Amino acid sequence: MNKTLHERVEQLRQGKFLGVPIDDFERGGREQLIFLLMHGLTPPSKVIDLGCGVLRAGYWLIHFLDPGCYFGIESSAERLAIGTTTILEPRLQETKQPRFDINPNFDTSVFNETFDYFLAYSIWTHAPKQQIVVMLDNFVRDSSERGVFLTTFLPAQWPGTDYHGNTWVGTSHESQTPGCIRHSFSWVKEECRRRDLSVRLVGKDTTHRQSWLKISRLGNSPQISDIVLRSPPASVLRRIITRIRLVARRFN
Ligand SMILES: C[S@@+](CC[C@H](N)C(=O)[O-])C[C@H]1O[C@@H](n2cnc3c(N)ncnc32)[C@H](O)[C@@H]1O
């Protein structure tokens with residue numbers, strides 16, 4: 001009988017650290033899908049998952065999206081291979097045609113596509129500022145006009161905690177040393193402003209309590225979650241009040 005996702009993930013518990021904890025693996029991946037859905041994701045949306053690792057979110061996204069709509073970039077060939085052979089069900093690749101690239105430069109141009117969603121979960125919590133600006137530049141170059149970049153980070157709340165190093169901190173294709181870093185939100189805002197992008201803090205995920213940022217082009221039309229229900233204009237309110245008064249008079 002085929003193993004469940006839970007059983008396949010449990011198989012990995014004895015091996016080496018794969019960049020994400022085995023506990024809450026399913027929940028953490030599913031929460032990323034839910035977050036994208038809350039920000040307007042639909043089956044034909046094209047999604048690029050930066051640092052897709054062993055496909056914790058990729059698993060759910062590949063199932064949900066139309067064939068050919070999921071793209072993953074990962075620097076560790078070993079992690080990606082575990083994702084495609086252990087996490088995904090056999091034949092899922094055949095039916096959903098996800099595309100992958102192994103590169104350490106977050107180079108989204110390799111697919112020659114325009115993406116509706118850039119996803120970077122637990123990437124800015126390890127990446128130096130030089131890599132973050134590359135991701136922002138690539139978003140400007142390779143996303144659709146109404147494209148959205150959903151990324152998590154850990155805000156540097158105290159002076160001295162803002163990371164200014166120039167190397168990745170944490171495990172990767174070239175390191176087995178765990179670690180996390182923080183970035184100043186003011187710095188992120190300034191880098192977005194330079195590129196005519198808007199950035200908003202849109203809450204924390206419940207699995208690992210990282211802060212979500214939503215980045216999009218300045219002045220683009222609202223996505224589903226941004227639609228604001230405006231109060232009716234004053235003229236409509238006046239008509240409603242007049243009608244209520246007329247009805248009330250009949251009863252007096
Ligand atoms: C903390 S894990 C998060 C994985 C995935 N986003 C998730 O939520 O499960 C970070 C991933 O980024 C990958 N990574 C590290 N350096 C990278 C680089 N330069 N380019 C692409 N991926 C990288 C790591 O190998 C690892 O799989």
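Author: A residue counts as buried if 20 or more other C-beta atoms lie within 10 Å of its own. The model here is predicted. By that count, eight of the 11 residues of strand E5 (residues 143-153) are buried, so the strand is largely enclosed by the rest of the structure.

Reader: What share of the 252 residues of the protein counts as buried?

Author: The share is 34% of the 252 residues. The protein has eight helices and seven strands. Among contacts between residues at least 6 apart in sequence, 69% join residues at least 24 apart.

Reader: In what order do the seven strands stand in the sheet, and what is the pairing?

Author: Strands of a sheet pair through backbone hydrogen bonds, and the pairing may be parallel or antiparallel. In this model the order is E3-E2-E1-E4-E5-E7-E6, in an open sheet with mixed pairing. Strand E3 (99-102) and strand E6 (197-204) are the edges; each has a single partner strand, so one side of each lacks a neighbour in the sheet. Direction ignored, neighbouring strands are turned by 15° against each other on average.

Reader: Which strands does E5 pair with, and in which sense? Take E4 to begin with, then E7.

Author: Strand E4 (residues 115-120) pairs with E5 in the parallel sense, over five bridges. Within that pairing Phe118 has Phe149 of E5 as its bridge partner, and Phe115 stands opposite Ser143 of E5. E5 and strand E7 (residues 211-217) run antiparallel and are joined by six bridges. There, Thr151 has Leu213 of E7 as its bridge partner.

Reader: What makes a β-α-β unit with E4 and E5, and of which hand is the unit?

Author: For the hand, look with the strands pointing away from you: a path from the first strand over the helix to the second that runs clockwise is right-handed. E4, helix H6 (residues 129-142) and E5 make such a right-handed unit.

Reader: How many of the residues of E4 are buried?

Author: Six of the six residues of E4 are buried, so E4 is largely enclosed by the rest of the structure.

Reader: Which way do the residues of E1 point, and are they buried or exposed?

Author: In a regular strand the side chains alternate between the two faces of the sheet. In E1, Val47 and Asp49 point one way, Ile48 and Leu50 point the other way, and all are buried. Ile48 stands opposite Phe71 in E2, and also opposite Phe118 in E4. Asp49 has Leu119 as its bridge partner in E4.

Reader: In which sense does E1 pair with E2, and with E4?

Author: Strand E1 (residues 47-50) and strand E2 (residues 70-74) pair in the parallel sense over four bridges. In that pairing, Leu50 has Ile73 of E2 as its bridge partner. H6 packs on the sheet and touches E1, E4, E5 and E7, with its direction at about 155° to that of E5. E1 and E4 also pair in the parallel sense, over three bridges.

Reader: In which helix is Gly58 placed, and why is Gly58 called buried?

Author: Gly58 belongs to helix H3 (residues 58-64). Gly58 is buried because 28 other C-beta atoms lie within 10 Å, and the cut-off is 20 or more. Leaving out residues up to four places away in sequence, Gly58 touches Asp49, Cys52, Tyr70, Gly72 and Gly83. Gly83 is 25 residues from Gly58 in sequence, and the C-alpha to C-alpha distance is 8.6 Å.

Reader: How many residues surround the ligand, and which are the closest?

Author: 20 residues surround the ligand, and the closest are Gly51, Gly53, Arg56, Ser75 and Ser172. By class, the shell has nine nonpolar, eight polar and three charged residues.

Note on methods. Residues are numbered from 1 along each chain as its sequence is written. This is a predicted model: local features need pLDDT of at least 70, side-chain atom pairs count only at pLDDT 80 or more; totals for chains, interfaces and linings use all residues. A residue is near a molecule or strand if its C-beta atom, placed from the backbone, lies within 6 Å of it. Ala, Val, Leu, Ile, Met, Phe, Trp, Tyr, Cys and Pro count as nonpolar, Asp, Glu, Lys and Arg as charged, and the others, Gly among them, as polar. Helices (H or I, at least four residues) and strands (E, at least two) are DSSP runs, numbered from the N terminus. A residue is buried if 20 or more other C-beta atoms lie within 10 Å of its own, exposed if 12 or fewer, and partly exposed in between; C-beta atoms are placed from the backbone. Two residues are in contact if their C-beta atoms, placed from the backbone, lie within 7 Å. Two strands pair if DSSP finds at least two bridges between them. Axes are lines fitted to C-alpha atoms, for helices over the stretch in contact, and angles run from 0 to 180 degrees between N-to-C directions.
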